[in-house]
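Me: Could you walk me through a few helices here, in plain terms?

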Amino acid sequence: MPSNLLETHGLAAFYGDFQALFGIDFRIEPDETVAIIGSNGSGKSTFLKSITGLVRAESKAIYFNGKAIGGDPAYRIVAQGIAMVPEGRRLFSSLSVEENLSIGAYSKRQGPWSLEKVYTIFPMLKEKRKFAAMALSGGQQQMVSIGRALMANPKLLLCDEISLGLAPVIIKELYAQLGRITTNGTTLVIVEQDIRQAMAVSDRVYCLREGRVALEGRPSSLSRDQITKAYFGV
Amino acid sequence: MDLVSTVLDGILLGGLYALFAAGLSLIFGVMRLVNIAHGDLIVLSAFVALVIVGGLNLHPLVALVLVVPLMALLGYGLQRLVFNRALGYDILPPLLVSFGLSVFLQNSLLQIFSGDSRRLHAGNLETWHFDLPGGIAVGVLPCLMFAVAVAVITGLQLLLYHTELGRAFRCVSDDQETAQLMGINNAHLFGLAMALSLSIVSVAGVFLGIRANFDPSIGPTRLIFAFEAIIIGGLGDLWGTLVGGVILGVAQTLGARINPGYQILAGHIAFLAILTLRPQGFFPKTR
């Protein structure tokens, strides 16, 4: 059993001729929560998309559970145990709340999560399970998106900006639930714009700038100056 | 009473048009592909049935047992090997590919079967009818076509809204990128959708061949009927497509009653009138 659940080595990513990531070295251990911060366009979302297979990567650039998964198609990577809560929630608009959750289990990975279990952590969704997904409030939609990812029974859960556009009280609740999820044996990577939030919930932080790792460390060991410098590059 | 009979004929003819349209609508819904070759694929399945009927001496409806799986297989292969390579953010390349396929199919059929009119002979089924009060005779074949259309649409609805495969079709239709994150292999799913579409096409093709003469050149007109049925009914609603087919069918039979030469024209005029008055169709579902 390798000590790291996920590792990337010199991960590069391109959109056509445009290079978005320049050699990212990243690692996360089982049960760790790692936050990725950085300004708009620093490559955070691209990094997550590379891991999930939505953006192409070199085979040996990404190791999951000791196995090279770079370049595998996205639908196979989910089946191996990496699920993502995409930026902007991306619910399926013609599906009901419950159908959105159910489709999360499409890859048929075995594990602790079921509709009932998701309804236990987000009781509000049970009441609204017959509703069209788009009829829900932003916070509720985010719960559906998180629940949908959990239905895949991931070992590693990637959350892309789950606090975006939500009220502080909702954000607090979502993060409280994420805390409970990690106790179920799910390892967590969160991408956050809100640095304070990221620092509060994570064991380690990576700061990306212009497609490179500008800073890495435990929140307690990083000074405000270091972070500001890494974030803005000044 | 003559008028009632004409309208009834038109309604039942609408079933055939709904069969033409259902597969086209499914493909557009799942992958935003406007399949210009759809009509030619209908004609192709009529010819496939012709070969099987001739070779094995089967009744055309029995031949469906072979035609449907053959066309489904062709559909899956066509999608994986041809259409999937053209699909992307731009909707133009797949449109052009399907146009090319249309030309290819028409000319291949012409080469192999010549331009002669053909017919699938269904024996008594062609003439069987029953009498309604008031001296109205209703053919069994048109009734069968209509019933099959209703059955196909019911089946498609059940598939789309009550099975896991249908849910996956709707996901891919909503958001192809996120669908992959759910573990859905879009390329395979598109293949299944095309296989399903061509299964329906083969049923439509066999009925087409029993009902009237066909030759390699009539595909594009069937495509237009299918388009018209979909647009009249409203994009994305299969029952609407049936209604659209019925309106088109009734317009055609009424037109033909005035003058046999007006049949096709009357259908187009009805279509254009509805397009002008209600461009979104009767039961629009798309956002």
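Some questions and answers on these helices follow.

This is a predicted model, where local features need pLDDT of at least 70, side-chain atom pairs count only at pLDDT 80 or more, and totals for chains, interfaces and linings use all residues. Residues are numbered from 1 along each chain as its sequence is written, while chains are lettered from A and ligands numbered from 1 in the order in which they are written.

Me: How many residues of helix α1 of chain A are buried?
Reply: Helices are DSSP runs of H or I, at least four residues, numbered from the N terminus. A residue is buried if 20 or more other C-beta atoms, placed from the backbone, lie within 10 Å of its own, exposed if 12 or fewer, and partly exposed in between. Helix α1(A), residues 44–52, is largely enclosed by the rest of the structure, because the buried count is 9 of the 9 residues.

Me: Which exposed residues sit on the face of α11(B) turned away from its buried side?
Reply: The buried residues of α11(B) are A266(B), G267(B), A270(B), F271(B) and I274(B). They fall within an arc of 135 degrees (taken from the directions from the helix axis to the C-beta atoms), so they line one face of the helix. The face turned away carries L272(B), A273(B) and T276(B).

Me: Are α2(B) and α4(B) roughly parallel or roughly perpendicular?
Reply: Their axes, lines fitted to C-alpha atoms over the stretch in contact, with angles from 0 to 180 degrees between N-to-C directions, are 9 Å apart and at about 25 degrees. Angles under 35 degrees count as roughly parallel, over 145 as roughly antiparallel, 65 to 115 as roughly perpendicular and the rest as oblique. The two helices α2(B) and α4(B) are therefore roughly parallel.
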